Amino acid sequence: MVPQFKDDMEALMHLMRHKEPPKIPVRPTKSLTTYLVSDASGSGYGATLWTQGDKSFVATHGGWTEELSKASSNEREAYNLILNVEAAITNVYMERGAKLFVFTDNMVSERCFDSERSKSKGLHTLVMKMHDLLMQGQIFAHFGWILGEPMKRQGGDGLSRGDLNSGVLQGDHYLSHIPLAENAFSRHPPLKSWLKDVLPGDDWIFLEEKDWYRQAYRDPRGKYVWLPAPCVADACLEQVCEVKHIHPDSIHIFICPSIMTYNWRKQLQKLSNIQTKVKQGSPIWPIDMLEPVTISLISPLLSDRPWTMSRTGFVAEWKGDLQRVYGSCAETAGNYLRQFWIKALKG
């Protein structure tokens, strides 16, 4: 028997405990979105909650009990999220049917709550607790991981340590350090110039949001660069998949800052020939960007075996050097990228 089978069955029975199936809306019923940024340290916790249009936000901080201070950091982070979601629902800081974006610098918490499961018994219990809260409050939650530096600048890290004078607590706009609506080129314009210089040919089309649903479908052999903001990356990727399915000879580059990747990372990995994260501080993505940028290359299908560039010896060898090259020299990285596309276009 699978070790987790008993826990899964108990969770299933818990979810089916209602005499009649609870009615849950299929989409948010409120137009304004709520944001929660939460962080936990060894001795305490802190979180801020803000709803679009509000002139103020809710800040919470405190210390752990002796029992919780001995728990794992993953469990403390997850428990902190539950405390704040529960308080927001109980105190009506957000209304029923609202959409909630939750940000944490703990990747385990993001993945557990996103997938709604965990191999850890403690985390599994917390995941079920969160599911109950969201169902009762009819909250549509999205969980996102951010790096420690944006968390510090936003003020969540300091709040968990009792610092009440950083980030949003000293007057910064709530989302100024979590740029959900900015694509890679708007955040760092030199990236566009670099890409134009290294791509072979002058027939590449840099798509804007208005082009995703028409322009991208017109040319069966089109060469497209997709540049979604993190908040709409999943919708953008859905169109990339559609275009690639209809026009298998089309060529695509997908570039997006690595925020809210839970929405699209798995699908992009399946579609891409090569996918890499360029870390902040590299020649093409400076240190003040705070989080990496994801760059994925999607080439045409080959006319014979192995049918896709991903399975060729060329890509296997080239892929091993890619991360090192991106971090060393913009010119060398450009040469590698140009080499890949020249090879891909030859078929």
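Modeller: Buried here means under 20% relative accessible area, exposed means over 50%, and partly exposed lies in between. Keep in mind that this is a predicted model.

Start with helix α4, which covers residues 107-115 and holds Glu110. Glu110 has 1% relative accessibility, so Glu110 counts as buried. A polar atom of the Glu110 side chain lies 3.5 Å from the backbone nitrogen of Trp145. Setting aside neighbours within four places in sequence, Glu110 is in contact with Thr104, Phe143, Gly144, Trp145, Tyr262 and Arg265.

Now to helix α5. Helix α5 spans residues 121-137, 17 residues in number. From its first C-alpha to its last, helix α5 reaches 25 Å, close to the 24 Å expected at 1.5 Å a residue. The buried residues of α5 include Leu123, Leu126, Val127, Met130, Leu133 and Leu134. His124 and Asp132 are also among the buried residues of α5. Packed against the buried residues of α5 are α1, α3 (73-90), α4 and β5 (140-145). Just after α5, Gln138 takes a positive phi of about 50 degrees.

That leaves helix α1, one of the packing partners of α5. Helix α1 runs over residues 5-15 and includes Phe5. Phe5 counts as partly exposed, because its relative accessibility is 41%. Phe5 belongs to a nonpolar surface patch with Val2, Met9, Leu12 and Met16. Together these residues have about 480 Å² of accessible area.

Definitions and conventions:
Residues are numbered from 1 along each chain as its sequence is written. This is a predicted model: local features need pLDDT of at least 70, side-chain atom pairs count only at pLDDT 80 or more; totals for chains, interfaces and linings use all residues. Side-chain values use heavy atoms; hydrogens and water are left out. Patches are made of residues with over 30% relative accessible area and no salt bridge: like charges are joined within 9 Å, nonpolar side chains (Val, Leu, Ile, Met, Phe, Trp, Tyr) within 5 Å. Accessible areas come from the Shrake-Rupley method with a 1.4 Å probe; for residues, only the protein chains shown count as cover. A salt bridge is a side-chain nitrogen of Lys or Arg within 4 Å of a carboxyl oxygen of Asp or Glu. Helices (H or I, at least four residues) and strands (E, at least two) are DSSP runs, numbered from the N terminus. Buried means under 20% relative accessible area, exposed over 50%, partly exposed in between (1.4 Å probe, protein chains only). A polar contact is a pair of N or O atoms within 3.5 Å; within protein, one must be able to donate a hydrogen and the other to accept it, and residues adjacent in sequence count only if both atoms are side-chain atoms. Contact means heavy atoms within 4.5 Å. The expected span of a helix is 1.5 Å times one less than its number of residues.
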